[in-house]
Amino acid sequence: FITAWFLCRTPPLGKQQKAHEMDIATDTADAAMLHVGAEGSTLDMTQTILDIKEGTLAPTSINLAHHFIGSLVEKITAALEENDSITALDLTCNNVGDVGASRLAAMLRSSMILQVLLLRDNAIGPRGVKRLAEALRENDSLTTLDLSANLIDEAAGSLLAASLETSATLLHLNLAFNGLRTQGARQLGVALASGVPLQSLDLSHNMIAGDGCAFVSAGLRSNSSLQALNISGNCIGDVGAQQLAAALSPNRTLRILRLADNGIRKEGGGALGLALTENFTISELDLSRNYMWEDGAQVLSSAIGGNRTLQCLSLASSGLRRQHVQPLFAALEGNTALTDLDLAANSIEEVGVALLVATLHANHTLRSLDLTFNNLRDLGAQYVAQGLEANKGLTFLSLSDNHISEHGARKLAAALKAHNAVLQTLDLSLNGLSEQGNGDLAARLMMVGGQLTLRHEPLRAKHAHFVNSSWHV
């Protein structure tokens, strides 16, 4: 049912290769997966639940997301208590509430087979969370729990975090979009330091601020299991970023770190850059929607030049201007690890992208580059075209929303036709190209080899979103 589970609401760029993670990617095995469509009536669902209870249906997973079936939770849990086949249950957005959560908690106490429970957006408050926390202390089968977008406050969050210390099976916990604040983060830090087996943790949008981040960072120093952490949207600032940077030096297991939209400026960015010179396990770093400016970008760029493990980096919507990207592009010329770079929604402009030409000629490791909304115009498109002439690595390129006309598009087409057979997807959406111009460009690109996809419509989840990666569990 769940083949990839990862962190938060932030979607990927939606590029061509993979479905992301940051929420939940599901693989529906036809015979094992029972999905009740949104059009299913209450009567249909009641009959289905009855069939499961009686054993005439034996799916291994049930998807009842977005049905608002709060009143049926009692029947669902009763069916699960006697079931020995269902390992995954998705009740996302069903108005479960505290009463339903308490009933599910009672079921969890005796469950020996349920591994995945998704309860996102169910108006579950402190009382329901308390019951779930108590159940986790006794449950020895659950590996994945999604409680994002509920009504979890500091006290309830602390109880839930404390229950992790006795859980031997829970590996993936999503608490995004709640209100854990500093107190909840403090207890989570204690849990992380205690040696819990947790592998992924999403704390995005929980108002933990710099003090809360300090507690989580303290837990990371001695933690040897957590591989993915999302603290986006928590206003941790430079203080929190510096605390995390200090924790990264001794940590050797964390691979994915998301810090988008946290008010990190040059001091925090600089500290994270220095940490990357000592940490060689981080492979994915999201710093989008922060404003590190000159010093932070300079130190981070220097770290990238010598780092051999960082594969995905997002600096989207980070206030980068043409003078800031010069050290980054220079560092990339000798980098052989980074494969995905997101620079969308900055102010690189024509002069800044001119510096990219030498980088594209020298670097053949980078596979995905997003330059969406950077005011590149036709001259910038011409510089990119020059870079593509000798590039043998890039397979995805977004130049969406850059005021590129047919003239700039023709320069790109000519470069691709004559010199580049590697690029698979070129996004020129939102550039005001006429239908005739699009047709002319498509005709020119037909000569590339038939594998290039030319996008005229914007990719879903555009601007300032992270790169196309997926963390499999």
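## Asn139 and its polar contacts

A polar atom of the Asn139 side chain sits 2.9 Å from the backbone oxygen of Leu108. This is a predicted model, and in it the Asn139 side chain also gets to the backbone nitrogen of Leu142, at 2.7 Å. Asn139 itself belongs to the loop that runs between helix 4 and strand 7 (144-146).

Is Asn139 buried or exposed? Its relative accessibility is 5%, so with the cut-off for buried at under 20%, Asn139 counts as buried. If you skip the neighbours within four places in sequence, Asn139 touches Leu108, Ser111 and Thr169.

## Helix 3 against helix 4

Leu108 also turns up in helix 3's contact with helix 4. The axes of helix 3 (residues 97-110) and helix 4 (residues 126-138) come within 8 Å, crossing at roughly 5°, and the two helices are therefore roughly parallel to each other.

On the helix 3 side, the residues involved include Asp98, Ala101, Ala105 and Arg109, and those they meet in helix 4 include Arg127, Arg131, Leu132 and Glu138. Sorted by class, this contact has 7 nonpolar, 2 polar and 6 charged residues.

## Helix 7 and what covers it

Helix 7 (residues 209-222) has Gly210, Gly212, Cys213, Val216, Ser217, Gly219 and Leu220 buried. Among the elements covering these buried residues are helix 6 (181-193), strand 10 (228-230) and helix 8 (237-248).

## The nonpolar core

The largest nonpolar core counts 113 residues, and Leu229, Leu371 and Leu399 have the most contacts inside it. Take Leu371: leaving out neighbours within four places in sequence, its contacts include Leu343, Ile348, Val353, Leu356 and Leu399, along with Ser398 and Asn402.

Technical notes: Residues are numbered from 1 along each chain as its sequence is written. This is a predicted model: local features need pLDDT of at least 70, side-chain atom pairs count only at pLDDT 80 or more; totals for chains, interfaces and linings use all residues. Side-chain values use heavy atoms; hydrogens and water are left out. A nonpolar core is a set of buried Ala, Val, Leu, Ile, Met, Phe, Trp, Tyr and Cys residues joined through side-chain atoms within 4.5 Å. Buried means under 20% relative accessible area, exposed over 50%, partly exposed in between (1.4 Å probe, protein chains only). Contact means heavy atoms within 4.5 Å. Axes are lines fitted to C-alpha atoms, for helices over the stretch in contact, and angles run from 0 to 180 degrees between N-to-C directions. Helices (H or I, at least four residues) and strands (E, at least two) are DSSP runs, numbered from the N terminus. Angles under 35 degrees count as roughly parallel, over 145 as roughly antiparallel, 65 to 115 as roughly perpendicular and the rest as oblique. Ala, Val, Leu, Ile, Met, Phe, Trp, Tyr, Cys and Pro count as nonpolar, Asp, Glu, Lys and Arg as charged, and the others, Gly among them, as polar. A polar contact is a pair of N or O atoms within 3.5 Å; within protein, one must be able to donate a hydrogen and the other to accept it, and residues adjacent in sequence count only if both atoms are side-chain atoms.
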